[in-house]
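Here is a friendly walk through some ring contacts and a pocket, told as questions and answers. Have your viewer ready.

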Amino acid sequence: LHCTTADCEVWADPHLSGFDNSATGPISFIGNYMHTFDRQPVDLDVNVYESGEFWLVKNDRIHIQGRYSPSAEFGKDKSAVGAIAIGGAFIDNGKLIIEPKNGKITYNEQVVAENSEFIGEPATGGSVRIKTYFDAAHEDGSAPAGVDIELPSQVRLRVKRYKTHLDAKITIPKVTGPVDGQCGNFNGDATDDTVEHVKGRRS
């Protein structure tokens, strides 16, 4: 059985490269090439400068929200991802919260330790596995902590935890069914996933 997956990446202050972004070529950004979380070139991205809570991915079973808040790492007038919350029926309506290094990681209010492997209570569709580690990558002398998350329904996240913000890569399979949110609607067309399109489809 062939199962098509796609990635959504949200990083820095914050930029999004949605599920339908084929990343076919770099764009110029403040004099430099912009790259995603995985250092992939970006051909179409969404920039969000507001603070608040936003749906990254939402369908009947999977809920992934991002909290955008001012980050000391980008200056007081720019937001970054200050937390990610995961819930929904696919994890039996549990709640997984990932915060930057100045916060914590919790699954159903249980704190996940640094530099450890955690397996949560099995959800109906499978286990919740969380692996935390130090020094996920070195960029400009900084070494963020990392989190790898495996969830039921073949949903995966890889998160870099900086001092006051997160970068994240969300992977979902096509069989998840219709989705929406800032990561897009996974319909193969990146042009209908702008901030305006998403706002028009979902408040």
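This is a predicted model: local features need pLDDT of at least 70, side-chain atom pairs count only at pLDDT 80 or more; totals for chains, interfaces and linings use all residues.

Q: What is the geometry of the aromatic pair of Tyr 107 and Phe 118: stacked or edge-to-face?
A: The structure holds 3 aromatic pairs, and Tyr 107 with Phe 118 is one of them. Their centres are 6.3 Å apart and their planes make an angle of 75°. Planes over 60 degrees apart count as edge-to-face, so the geometry of this pair is edge-to-face.

Q: How many residues apart in sequence are the parts that this pair ties together?
A: Tyr 107 belongs to strand β10, residues 105–107. Phe 118 belongs to strand β12, residues 117–119. The pair therefore ties together parts whose separation in sequence is 11 residues.

Q: Which ring does the charged end of Lys 174 sit over?
A: The charged end of Lys 174 lies 4.3 Å from the centre of a ring. That ring belongs to Phe 186.

Q: How many residues in the lining of the second largest pocket are charged?
A: This pocket has a volume of about 290 Å³, and 14 residues line it. Closest to its centre are Asp 148, Ile 149, Glu 150, Arg 156 and Leu 157. Elements giving two or more residues to the lining include β14 (145–151) and β15 (155–161). The lining divides into 5 nonpolar residues, 1 polar and, as the charged share, 8.

Methods
Residues are numbered from 1 along each chain as its sequence is written. Side-chain values use heavy atoms; hydrogens and water are left out. Rings of Phe, Tyr and Trp (its six-membered ring) pair if their centres lie within 6.5 Å; planes under 30 degrees apart count as stacked, over 60 as edge-to-face and the rest as tilted. Helices (H or I, at least four residues) and strands (E, at least two) are DSSP runs, numbered from the N terminus. A charge sits over a ring if NZ of Lys or CZ of Arg is within 6 Å of the ring centre and within 35 degrees of the ring normal. On a 1 Å grid over the protein atoms alone, a cavity is a set of points where a 1.4 Å probe fits but cannot get out, and a pocket is an open set with protein on both sides within 12 Å along at least five of seven lines; lining residues have an atom within 4 Å of a point. Grid points are joined across faces, edges and corners, and a volume is the space filled by probe spheres set on the points. Ala, Val, Leu, Ile, Met, Phe, Trp, Tyr, Cys and Pro count as nonpolar, Asp, Glu, Lys and Arg as charged, and the others, Gly among them, as polar.
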